[in-house]
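Hi,

Here is the structure I promised to pass on.

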Amino acid sequence: MFPLNLVVFPGERLRLHIFEPRYRQLIGECLVEHKTFGIPTIIDKKLMGLGTEVKILSLDKKYGGGEMDISTEGIRRLEVKNFFEKSPEKLYPVAEVVWPESEDTSDETLRQEVKKLLAKLHYALGISKKFSENQLLSYEMAHHVGFSIRQEYELLTIDTETDRLKFYKKHLETILPVVMETERLKAKAKLNGHYKNVIPPK
């Protein structure tokens, strides 16, 4: 186990800098034995019940002091049943886990509605982000819609893609008007101090 103050989603690629001795040991063993490891989420210093199983894609750099840079990818959700700070004869934490079931199919109409809302948000913010057809939209875009870490974790707890997209839709319908108004005010503020071509009323 490698607990972190973030939410990792299945299919997400994540680069990590490994520097603590216990996690250098963990990653070193995973590299040699071709094993995966778990990243359970910590929020407000509390270990949450869910996390994600992660595989190492590559060892990108190894430093003289034993530190490492690695690239990883989330595989599937995991649920922590029992967590132990240290395993016998090891420095790193371990846990007993189970694999929550997940339904990854979704209503195409709902998916298209969410994609349109996402496109509006990104346009308003000046973000260029393409949607992949191969990944689950809810996981792919989770870090790009302004979720708090608690909202990201809540998304991870949802078992079906349809319910995750409903969660997205509600969030986007709430924040879009705020974002649009904020961007309008920013654009208006930029005009202050400029010469205006004012046509008086007849």
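E53 sits in strand β3 (helices, H or I with at least four residues, and strands, E with at least two, are DSSP runs numbered from the N terminus). With a relative accessible area of 9%, E53 is buried; buried means under 20% relative accessible area, exposed over 50%, and partly exposed in between, with a 1.4 Å probe and protein chains only. Before I go on: this is a predicted model, where local features need pLDDT of at least 70 and side-chain atom pairs count only at pLDDT 80 or more, while totals for chains, interfaces and linings use all residues. Residues are numbered from 1 along each chain as its sequence is written, and side-chain values use heavy atoms, with hydrogens and water left out.

Back to E53. Its side chain makes a polar contact of 2.7 Å with the side chain of T36, and another polar contact, of 2.6 Å, joins the side chains of E53 and R76. For that term I take a pair of N or O atoms within 3.5 Å; within protein, one must be able to donate a hydrogen and the other to accept it, and residues adjacent in sequence count only if both atoms are side-chain atoms. Leaving out residues up to four places away in sequence, E53 touches T36, F37, G38, E73, G74, I75, R76, L78 and W99 (contact means heavy atoms within 4.5 Å).

E73, one of those neighbours, is found in strand β4. E73 also counts as buried, at 17% relative accessibility. Its own contacts, with residues up to four places away in sequence not counted, are G11, E12, R13, E53, V54, K55 and L57.

Now the strands around E53. β2 (residues 37–43) and β3 (residues 46–62) pair in the antiparallel sense over six bridges; two strands pair if DSSP finds at least two bridges between them. G38 has E53 as its bridge partner in β3. These two strands form a hairpin with two residues between them, and D44 in the turn has a positive phi of about 50 degrees. On to the next pair: β3 and β4 (residues 68–84) are antiparallel as well, over 11 bridges, and here E53 stands opposite R76. Their hairpin has five residues between the strands, with G66 at a positive phi near 100 degrees.

Of the 202 residues, 38% are buried. Among contacts with a separation of 6 or more, 59% come from residues 24 or more positions apart. The accessible surface comes to about 12,700 Å², and 54% of it belongs to carbon and sulfur atoms (Shrake-Rupley method with a 1.4 Å probe; for residues, only the protein chains shown count as cover).

Which residues have the most contacts inside the largest nonpolar core? They are F9, V114, L118, V145, L155, Y168 and L172, in a core of 27 residues. β3, α2 (108–125), α3 (137–140), α4 (149–157) and α5 (161–191) each supply at least two residues of this core. Apart from it lies another core, of 17 residues, among them L4, V8, F37 and I39. By core I mean a set of buried Ala, Val, Leu, Ile, Met, Phe, Trp, Tyr and Cys residues joined through side-chain atoms within 4.5 Å. As for Y168, its contacts beyond four places in sequence include V114, L118, V145, F147 and L155.

Last, the charged pairs. A search of the whole structure finds 11 salt bridges, each a side-chain nitrogen of Lys or Arg within 4 Å of a carboxyl oxygen of Asp or Glu. One of them joins K90 and E29 at 2.8 Å, N to O. That pair links distant parts of the chain, 61 residues apart, with K90 in the loop between β4 and β5 (94–98) and E29 in helix α1 (residues 21–33). K90 is partly exposed at 29% relative accessibility, whereas E29 is buried at 18%. K169 and E113 also meet in a salt bridge, at 2.8 Å, N to O, and this one links α5 to α2 across 56 residues. Finally, D104, E161 and R164 are linked in a network of salt bridges.

Cheers
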